[in-house]
Amino acid sequence: MSARENPHRKTIIKSLAAVVAMFAFGFALVPLYDVFCELTGINGKTSGRYELGDTQLEVDETREVRVQFVTQNNENMPWEFRPTVAEIKVHPGELVQVDFFARNPTTKAMVAQAVPSLSPSQGIDYFHKTECFCFTQQRLEAKEEVLMPLIFVVDKALPADLKVLTLSYTLFDQVAAVAQQEEESLTLVAR
Amino acid sequence: MSTVVDTNNNSHADDTHEHHGPAKGIARWLFTTNHKDIGSMYLWFSFAMFLIGGCMALTIRAELFQPGLQLIEPEFFNQMTTMHGLIMVFGAVMPAFVGLANWLIPMMVGAPDMALPRMNNWSFWILPFAFGLLLSTLFMDGGAPNFGWTFYAPLSTTYAPDTVTYFIFGVHMMGVSSIMGAINVIATILNMRAPGMTLMKMPLFVWTWLITAFLLIAVMPVLAGVVTMMLMDVHFGTSFFNAAGGGDPVLFQHIFWFFGHPEVYIMILPAFGVVSQIIPTFSRKPLFGYHSMVYAVASIAILSFIVWAHHMFTVGMPLVGELFFMYATMLIAVPTGVKVFNWITTMFRGSLTFETPMLFSVAFVILFTIGGFSGLMLAIAPSDFQYHDTYFVVAHFHYVLVPGAIFGIFAAVYYWLPKWCGNMYNEALGKWHFWLSFVGMNLAFFPMHFLGLAGMPRRIPDYALQFADFNSISSVGAFIFGATQLLFLYLVIKCIRSGEPATDQVWEGAEGLEWTIPSPAPYHTFTTPPEVK
């Protein structure tokens, strides 16, 4: 450009700043969607471990809620994975345990992670898990099988119009991810 | 296209810059910084892409002429639908509008050239390389991208052919070109208007392009971001869209459509501007409701940022999300309705004549409105569950893009071609082009509404027998429309080479700075800014 002041300098700088900002915004959307869904609770993701207070265990015998369990395997995950019961009726406030069956049919040890989702999403704030196999990764040796517990309580404040809650688990193969992590920690620690 | 003779009659003693015509030979086109040369190159490039993308569409329609697999393999069919979409959106429609912007914006605002002429040259010359990269994938092992023009991940990251990387770099390059073009348009419009040309005196084509340029700057970087994430998922082991690694497949659709919905307005707003120039001319009345037109375009642009998820009603969104995006989408009908009302009211009791640009513009208003209405049907979340991913969607977006964007471009070319090359085009041929395009296009796309409502899914090479009749009608229409474009090519070449000389004003009712300069437009115009009262 010429030595004299370029009349378009300001416009160009502002435009380029907008371009850079929008490129960054595209990447910022990745965490932003999660944050937005968490704040508004519209994503169906259930929250983590719930600590029960003493008073909360009074059971509301006057009404019943049906809780259904659905499981599925992601992509080529070979494990057998199913709930031992498909549906149970619970009273709000009642502490309930349900077991999920998992079996590793392969000849290698494998690590898996179950990811929960609850439908309808309006029920998320009222479904509390005090213990869940989905809080940690599950490791099964070759041909090993296991019953994995889920302990939950449905909040007494559950809106009256919600009569059915469906809890869905998707099981992910974590072998590759774990191997990668171990490799990284190995190089870090240099054992 | 423009003459070599410099007819600039402005003399200025202190101007050290020597006036000159275009350079000779290929160098003129490689190194040119002239907005008219670059505009012509954009338009020719776009037309070449239009024909290539059109051949892909005809391959699709030939295969779908009857049920069963006749001509091509399903894998190749998928490549054709993908490439047709990408080429038409990024290679035909967008560069055509940038070409029109290059030719017209400086002449309309009384500027001597675009604000950043060297960057202008770059913006154009990136394009042939971007599309060379994209088209070369057709000849590679594994074939061209085959995941649909919306390239949903993880389909496009996990199961795509290796050529996906070429596709990603191609999109990056087109993005860079579009962003540079947009910055150029903004700088030209904001800084180089002739004295007295206030913002609210600008022709509507300039207004719509200013708003389009802002949309481009806002969303092309997001597109670049999303393909970059794809690149990292494919090659660098990240898991943006891979659920097994903690990513989110739906996230892709959210980010893509955050770009994608403003993108559809990028493709239609300049066409709004074009018909807003043409309809007053052939109605011999000023445009009805100029201010409301400007505000309507701005409202459409702003609303385009909060409606994206109406493309993904069926992903399992929460009810509150469905409702928000449904109502927000329906809201867009209001400013669009204002525009259609203003165009019709401009024609009302005008002394109308129907030269080819006017024919295309009137067809634009009618057919774009049909496309708008099917858009409203799709906007209604509960019924969208029936229409989603059917031919109804294909019918809808072809009704807004073909008689919308493409007819807008045709109208613009007919309207300004005499100004560009100094000769009138052959009106009889122009009318043939219009009527054949009109009939062919409606034959091709109207039956798709019925097919979609009856349940024919999109992006399939074969279909159930009950869809056969409408599909064969559709294919016949597509071939009529496609063949007609060769007539258009002949007409344009003929007009450039010969034809009745055009007057400076060209059209009896035409108003605006571009009609005050000689026809053909001299290589350099408005080296001294005109006074606008």
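Helices (H or I, at least four residues) and strands (E, at least two) are DSSP runs, numbered from the N terminus. The views below show a predicted model, in which local features need pLDDT of at least 70 and side-chain atom pairs count only at pLDDT 80 or more, while totals for chains, interfaces and linings use all residues. Residues are numbered from 1 along each chain as its sequence is written, and chains are lettered from A and ligands numbered from 1 in the order in which they are written.

**Figure 1. Overall build of chain A, with two helices and nine strands.** Along the sequence, the elements of chain A follow the pattern α-β-β-β-β-β-β-β-β-β-α. Of the 191 residues in chain A, 22% count as buried (20 or more other C-beta atoms within 10 Å of the residue's own; exposed means 12 or fewer, partly exposed in between, with C-beta atoms placed from the backbone). Among contacts in chain A with a separation of 6 or more, 76% are between residues 24 or more positions apart; two residues are in contact if their C-beta atoms, placed from the backbone, lie within 7 Å.

**Figure 2. The four-stranded open sheet of chain A, in the order β2-β4-β8-β6.** The pairing in this sheet is antiparallel; two strands pair if DSSP finds at least two bridges between them. Strands of a sheet pair through backbone hydrogen bonds, either parallel or antiparallel. At the edges stand β2 (80-83) and β6 (127-132) of chain A, each with a single partner strand, so one side of each has no neighbour in the sheet. From one strand to the next, the twist averages 25 degrees. Four bridges join β2(A) to strand β4 (residues 95-103) of chain A in the antiparallel sense. A:Pro83 has A:Phe100 of β4(A) as its bridge partner.

**Figure 3. The five-stranded open sheet of chain A, in the order β3-β1-β9-β5-β7.** The pairing in this sheet is mixed. Its edge strands are β3 (87-90) and β7 of chain A, each of which pairs on one side only. On average, and with direction ignored, neighbouring strands of this sheet are turned by 30 degrees against each other. β5(A) and β7(A) are paired in the antiparallel sense over three bridges. A:Val111 stands opposite A:Arg139 in β7(A).

**Figure 4. Two loops of chain A, with A:Pro120 in one and A:Lys143 in the other.** A:Pro120 lies in the loop between β5 (110-119) and β6 of chain A. The peptide bond joining A:Ser119 and A:Pro120 is cis, with omega about -5 degrees. A:Lys143 belongs to the loop between β7 (138-140) and β8 (145-154) of chain A. Although A:Lys143 is not a glycine, its phi is positive, at about 65 degrees. A:Lys143 is exposed, with 11 other C-beta atoms within 10 Å.

**Figure 5. Packing of helix α3 (residues 74-109) against helix α7 (residues 204-235) in chain B.** The two helices pack at an angle of about 120 degrees, and their axes are 10 Å apart. Axes are lines fitted to C-alpha atoms, for helices over the stretch in contact, and angles run from 0 to 180 degrees between N-to-C directions. That angle makes α3(B) oblique to α7(B) (under 35 degrees counts as roughly parallel, over 145 as roughly antiparallel, 65 to 115 as roughly perpendicular and the rest as oblique). From α3(B), the contact is made by B:Ala101, B:Leu104, B:Ile105, B:Met108 and B:Val109, and from α7(B) by B:Phe205, B:Val206 and B:Trp209. By class, the residues of this contact are eight nonpolar, no polar and no charged; Ala, Val, Leu, Ile, Met, Phe, Trp, Tyr, Cys and Pro count as nonpolar, Asp, Glu, Lys and Arg as charged, and the others, Gly among them, as polar.

**Figure 6. The interface of chain B with chain A, where 26 residues of chain B are in contact with 22 residues of chain A.** On the side of chain B that touches chain A, α6 (164-191), α7, α8 (249-283) and α10 (319-331) of chain B each supply at least two residues. The largest share of that side, seven residues, comes from α7(B). The side of chain B that touches chain A has 21 nonpolar, five polar and no charged residues.

**Figure 7. Backbone details of chain B at B:Arg284 and B:Pro520.** B:Arg284 is in the loop between α8 and α9 (290-303) of chain B. Phi of B:Arg284 is near 55 degrees, a positive value in a residue other than glycine. B:Arg284 counts as partly exposed, with 14 C-beta neighbours inside 10 Å. B:Pro520 is found in the segment after α16 (468-497) of chain B. The peptide bond from B:Ser519 to B:Pro520 is cis, and its omega is near -5 degrees.
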